[in-house]
Amino acid sequence: MTDPVALWHRQSGTAVLLDGFHALKHAVRFRAEVLVAVTADRAAALALADELAPDVRDTLAALLTEVPHATYASLVPRTHPTAVAALAVRPSRAGHLERLARTPRTAPVVVLDHPRNLGNAGAVIRLAAGFGATGVVTTGTLDPWHPTVVRGGAGLHFATAVERLTAGELPPGPVFALDPEGEDIRGTKLPDDALLAFGSERSGLSPELRARADHLIALPMRPMVSSYNLATSVAMTLYHWSATGGAPA
Ligand SMILES: C[S@@+](CC[C@H](N)C(=O)[O-])C[C@H]1O[C@@H](n2cnc3c(N)ncnc32)[C@H](O)[C@@H]1O
């Protein structure tokens, strides 16, 4: 049998870190290729699986190897309360680009224009997974596969197509850009093939994204409130799409 720690060290430079039981559970559900999975308490991890994820319990039992807590702690940047960690293969960019470009679409693509906050990006990927969005595209320098984003996404990067592109490389489809100066979203039906674009936390939509936008859409907000948080804006917009005809798969 392959030594899981040696395997971990061989793969950790390129693989995606799944930090904690829930990240591993989601990745397995959405067919990630898991290379190695360790836990400091196998009985506790499988008890969690029995309680929360009986659908993937047998797969987790086959994947998880118990190692001493000190060994587990040496493999991860910081320990997780569930003492579970795994490495998975990052899905191919070419496959994602093909999925993002394919039309007609049954669900929108979320575009984060120059996001800055890793936690926001993770929360958005989790939302996109929950609503069955086609993918999440980021522009700018933030890496949407950064370990902190993957942690925030709870392993749900594997449930949608996550890639970084330039504004000029965005997939086809009408761009509905979210901006407090836009038309009230309550009078708008968001089509399934839309690109739903959101500006950065600090400076809003970039000039390139504004130039590409077909529609500017606003979320209802009382006067004197400047803006909502990025991830909550995505949540409201995807909810609006789902409530006006779009539906999670
Ligand atoms: C924190 S806000 C950006 C605030 C920034 N200071 C600005 O000048 O726009 C991040 C993004 O969330 C979306 N957003 C926030 N509040 C919104 C609202 N009331 N209507 C539409 N979009 C909103 C926009 O896409 C915005 O660019």
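1. In this predicted model, the shell around the ligand is made up of nine nonpolar, six polar and two charged residues. The shell counts 17 residues, and the closest to the ligand are Leu178, Gly199, Gly204, Leu219 and Ser227.

2. Two elements give two or more residues to the shell around the ligand: strand 8 (175–184) and helix 10 (230–243). Strand 8 gives the most, with three residues.

3. The chain as a whole is divided into domain 1, which covers residues 4–88, and domain 2, which covers residues 93–243. Between the C-alpha centres of domain 1 and domain 2 there is a distance of 29 Å.

4. The two domains touch each other: 13 residues of domain 1 are in contact with nine residues of domain 2. On the side of domain 1 that touches domain 2, the elements that give two or more residues are strand 1 (16–19) and helix 2 (21–29). Helix 2 gives the most to this side, with six residues.

5. Sorted by class, the side of domain 1 that touches domain 2 holds eight nonpolar, two polar and three charged residues.

6. An unreviewed UniProt entry lists residues 109–239 as "domain: tRNA/rRNA methyltransferase SpoU type".

Technical notes. Residues numbered from 1 in each chain as written. Predicted model: local features only at pLDDT ≥ 70, side-chain atom pairs only at ≥ 80, totals over all residues. Domains from an automatic or database assignment. Contact = placed C-beta atoms within 7 Å. Helix = DSSP H or I, 4+ residues; strand = E, 2+ residues; numbered from the N terminus. Nonpolar A, V, L, I, M, F, W, Y, C, P; charged D, E, K, R; others polar. UniProt positions renumbered as here; feature names shortened; annotations may be inferred. Near = placed C-beta within 6 Å.
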